[in-house]
Amino acid sequence: MSELSLETANAIISASLAKAKDAKMNPLAITVLDAGGHLKAFQKQDGTSMLRYAISAGKAYGAIGVGKGSRWLHAAAVERPHFIEGLNAVSGGRIVPVPGGVLVRDSNGQLLGAVGVSGDTSDNDEIAAVAGIEALGLKAQVD
């Protein structure tokens, strides 16, 4: 697989939402970006707040931007806040450095895109993203 298809992006979202339902998570917003950081698919469950799209997209965008999951960005924000401040400056403020942004790789390790989830705790957001990715036999990279 060399490109993330719309069908795959929507299947990731469906599987992520199924995990969220099973785990009784709060309503989620889920953004899937392609490897170039462009929006591929988005869904927002009823009951999510208005900023959830921007947060989920910022988690995915940050992961694509640095080639690491947003858990890595979160650790960097704690250890080197000036670095994250700089990243946010050069990205126009688009990076959200908390867990829930997960890279999507194929079986060969090729980057296909990223999934960003927002609506529950950051750890639960990440769990939903990973479940959605792995349900399709793809590899999830959280850090």
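Q: Which residues of the largest nonpolar core touch the most other members?
A: As a general idea, nonpolar side chains in soluble globular proteins tend to be buried together. In this predicted model, where local features need pLDDT of at least 70, side-chain atom pairs count only at pLDDT 80 or more, and totals for chains, interfaces and linings use all residues, the largest nonpolar core has 21 residues, and L28, I30, V32, V115, V117 and I133 touch the most other members. A nonpolar core here is a set of buried Ala, Val, Leu, Ile, Met, Phe, Trp, Tyr and Cys residues joined through side-chain atoms within 4.5 Å, and buried means under 20% relative accessible area, exposed over 50%, with partly exposed in between (1.4 Å probe, protein chains only). Residues are numbered from 1 along each chain as its sequence is written, and side-chain values use heavy atoms, with hydrogens and water left out.

Q: Is S16 buried or exposed?
A: S16, which is found in helix 1 (residues 6–22), is buried, with a relative accessible area of 0%. Leaving aside neighbours within four places in sequence, S16 is in contact (heavy atoms within 4.5 Å) with I30, A128, A129 and G132.

Q: At what angle do helix 3 and helix 4 pack?
A: Two packed helices are described by the angle between their axes and the distance between the axes. Helix 3 (residues 70–79) and helix 4 (residues 81–90) pack at about 120°, with their axes 5 Å apart; the axes are lines fitted to C-alpha atoms over the stretch in contact, and angles run from 0 to 180 degrees between N-to-C directions. The two helices are therefore oblique to each other, since angles under 35 degrees count as roughly parallel, over 145 as roughly antiparallel, 65 to 115 as roughly perpendicular and the rest as oblique. The contact is made by W72, L73, A76, A77, V78 and E79 of helix 3 together with P81, F83, I84 and L87 of helix 4.

Q: Which residues of helix 4 are buried?
A: The buried residues of helix 4 are I84, L87 and N88, and they pack against helix 2 (52–66) and helix 3. The face turned away from this buried side carries the exposed residues H82, E85, A89 and V90.

Technical notes: Helix = DSSP H or I, 4+ residues; strand = E, 2+ residues; numbered from the N terminus.
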